[in-house]
Amino acid sequence: MSPCSSGVNPAKSAVVDSNQEPADPLHAARKPLAAIVAFAELLHDELAGPLVPLQKEHLGVILERADELGDLLVGLLSPVAPTETKQPEWEDEP
Amino acid sequence: MIVTNKNKPDLRVHGLLELLEVEESLPNYQRLETVLVVEDQLELQRALSVRLEAAGFEVVCASDGLSALQSVISIEPDLIILDLDLPRLKGFKLLHRLSLESHLSEVPTMVLTGSSNPEDEFRALKWGVKRYLRKPTSLRKVTNEAIQLLSHG
């Protein structure tokens, strides 16, 4: 069985090459935001240890604003829906 | 008989159960279901595994589609949480490969993706995916969906 990642490897975690424009900017933006939300939530829910109330309150603000940022990104970066989607040849749709 | 996650102490024996405040830990501590997390973003993989383990799941991870396929075959998980944009074997190809094996095609799958292509959700549901969540999403929501899926299908 494969162990889950026990740490963060910055080299493998880089999701955006700053010299290259991502093919899907919304997808590229969602990845780091997903990690921010996930770890803020783990801290907020005290899965990494107990917090004092003020710390919990501050993390609550981070989570709320991250949520707003997610909505904002969708509004700004959503692609126009494709008019036609080609099915890859390998794929037998069920 | 008290059944616990094999990696964790039995908190009832140690009298610590009442001290836990994390919602999922109390009712779900006896879970023995195995969840395969397929995610190439290692931070998110780690966060998901921490949250799911706190809810009492046994968690196995894969960082690419090919490793995921091998893990599904070897451990036959109770649930797969699947990113679509994966190295070596993309999420949809993995779903296709799983669909060819009758016993593996029955494993419930939840997609967790950063994809902004509206067609992907439609395709995923056609492939039998039970839940489709977009990043960023709350880990609580992912865990609750996993609990619901394994309880009610």
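A salt bridge is a side-chain nitrogen of Lys or Arg within 4 Å of a carboxyl oxygen of Asp or Glu. The legends below describe a predicted model, in which local features need pLDDT of at least 70 and side-chain atom pairs count only at pLDDT 80 or more, while totals for chains, interfaces and linings use all residues. Residues are numbered from 1 along each chain as its sequence is written, chains are lettered from A and ligands numbered from 1 in the order in which they are written, and side-chain values use heavy atoms, with hydrogens and water left out.

**View 1. A salt bridge between A:Glu41 and B:Arg51.** Side chains of opposite charge can pair when their charged atoms come close. Here the N to O distance is 3.4 Å. The pair crosses between chains, from helix 2 (residues 25-44) of chain A to helix 3 (residues 42-54) of chain B; helices (H or I, at least four residues) and strands (E, at least two) are DSSP runs, numbered from the N terminus. A:Glu41 is buried, at 2% relative accessibility, and B:Arg51 is buried at 2%. Buried means under 20% relative accessible area, exposed over 50%, and partly exposed in between (1.4 Å probe, protein chains only). A:Glu41 and B:Arg51 also belong to a network of salt bridges with A:Asp45 and B:Arg140.

**View 2. A salt bridge between B:Glu145 and B:Arg131.** The N to O distance is 2.5 Å. B:Glu145 lies in helix 8 and B:Arg131 in strand 5 of chain B, so the pair ties together parts that are 14 residues apart in sequence. B:Glu145 is buried, with 16% relative accessibility.

**View 3. A salt bridge between A:Glu64 and A:Arg65.** Their side chains meet at 4.0 Å, N to O. A:Glu64 is exposed, at 51% relative accessible area, and A:Arg65 is partly exposed, at 47%. Over all chains, the structure holds 14 salt bridges.

**View 4. The surroundings of B:Lys135.** This residue lies in the loop between strand 5 (131-134) and helix 8 (139-152) of chain B. B:Lys135 is buried, because its relative accessible area is 2%. Its side chain is joined to that of B:Asp83 by a polar contact of 3.4 Å (a pair of N or O atoms within 3.5 Å; within protein, one must be able to donate a hydrogen and the other to accept it, and residues adjacent in sequence count only if both atoms are side-chain atoms). Leaving aside neighbours within four places in sequence, the residues in contact with B:Lys135 (heavy atoms within 4.5 Å) include A:Arg30, A:Ala34 and B:Glu39.
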